[in-house]
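Work through the exercises below with the sequence and the model open. Each task is followed by a solution in steps.

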Amino acid sequence: MQTSRQVMGMVTQVDLGEGHVRLKEDDESFCTLCCGGGTHILGEEEPLALGGLQPGDYIRSECTTAEDGKLLASKIVLLRPAWRMLESPEM
């Protein structure tokens with residue numbers, strides 16, 4: 001049985017070959033999101049391909065937890081790109 005879950009955090013790695021996004025969640029734990037053809041990725045103003053995400057981006061993902069424990073991402077929303085974090089005065 002699959003359960004729904006929402007995760008938020010900073011991208012640490014994007015593996016285009018495997019279709020995975022490694023994420024450091026707000027609670028300091030790490031998870032891997034499995035992305036497929038049905039994963040919708042929304043940028044700031046337009047849809048993105050998986051390769052449009054990069055380490056340092058802050059995202060929110062709606063996903064399901066499969067029986068084998070994998071997180072299957074159905075939607076990823078780019079909340080703050082890495083370049084914005086670098087130019088922020090409070091950093």
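**Exercise 1. Is Ser61 buried or exposed, and which residues does Ser61 touch?**

Solution. 
- Step 1. The relative accessible area of Ser61 is 0%, so Ser61 is buried; buried means under 20% relative accessible area, exposed over 50%, and partly exposed in between, with a 1.4 Å probe and protein chains only.
- Step 2. This is a predicted model, in which local features need pLDDT of at least 70 and side-chain atom pairs count only at pLDDT 80 or more, while totals for chains, interfaces and linings use all residues. Residues are numbered from 1 along each chain as its sequence is written, and side-chain values use heavy atoms, with hydrogens and water left out.
- Step 3. Ser61 belongs to strand β5, residues 58-65. Helices (H or I, at least four residues) and strands (E, at least two) are DSSP runs, numbered from the N terminus.
- Step 4. Leaving aside residues up to four places away in sequence, Ser61 touches Arg5, Gln6, Val7, Leu33, Ala73, Lys75 and Ile76; contact means heavy atoms within 4.5 Å.
- Step 5. For Lys75, a polar atom of the Ser61 side chain lies 3.1 Å from the backbone oxygen.

**Exercise 2. How many disulfides are there, and where is the nearest cysteine sulfur to that of Cys31?**

Solution. 
- Step 1. A disulfide is a pair of cysteine sulfur atoms within 2.5 Å.
- Step 2. By this rule the count is 0 disulfides.
- Step 3. For Cys31, the nearest cysteine sulfur is that of Cys63, 7.0 Å away, and Cys31 is in no disulfide.
- Step 4. Cys63 is likewise in no disulfide, its nearest cysteine sulfur being that of Cys31.
- Step 5. Cys31 is buried at 7% relative accessible area, and Cys63 is buried at 3%.

**Exercise 3. Where does Glu28 lie, and what is its phi?**

Solution. 
- Step 1. Glu28 lies in the loop between β2 and β3.
- Step 2. Its phi is near 75 degrees, a positive value in a residue other than glycine.
- Step 3. Most residues other than glycine have a negative phi.
- Step 4. Glu28 is exposed, with 52% relative accessibility.
- Step 5. Asp27 is found in the loop between β2 and β3 and is exposed at 55%.
- Step 6. The side chain of Asp27 makes a polar contact with that of Ser29 at 2.6 Å. A polar contact is a pair of N or O atoms within 3.5 Å; within protein, one must be able to donate a hydrogen and the other to accept it, and residues adjacent in sequence count only if both atoms are side-chain atoms.

**Exercise 4. Is Glu25 buried or exposed, and which residues does Glu25 touch?**

Solution. 
- Step 1. Glu25 is in strand β2.
- Step 2. Its relative accessible area is 10%, so Glu25 counts as buried.
- Step 3. Glu25 touches Arg5, Val7, Met8, Gly9, Phe30 and Cys31, not counting residues up to four places away in sequence.
- Step 4. Met8 is 17 residues from Glu25 along the chain, and their C-alpha atoms are separated by 5.6 Å.

**Exercise 5. What pattern does the chain follow?**

Solution. 
- Step 1. The secondary structure comes to 1 helix and 6 strands.
- Step 2. Along the sequence, the pattern is β-β-β-β-β-β-α.
- Step 3. Of the 91 residues of the chain, 35% count as buried.
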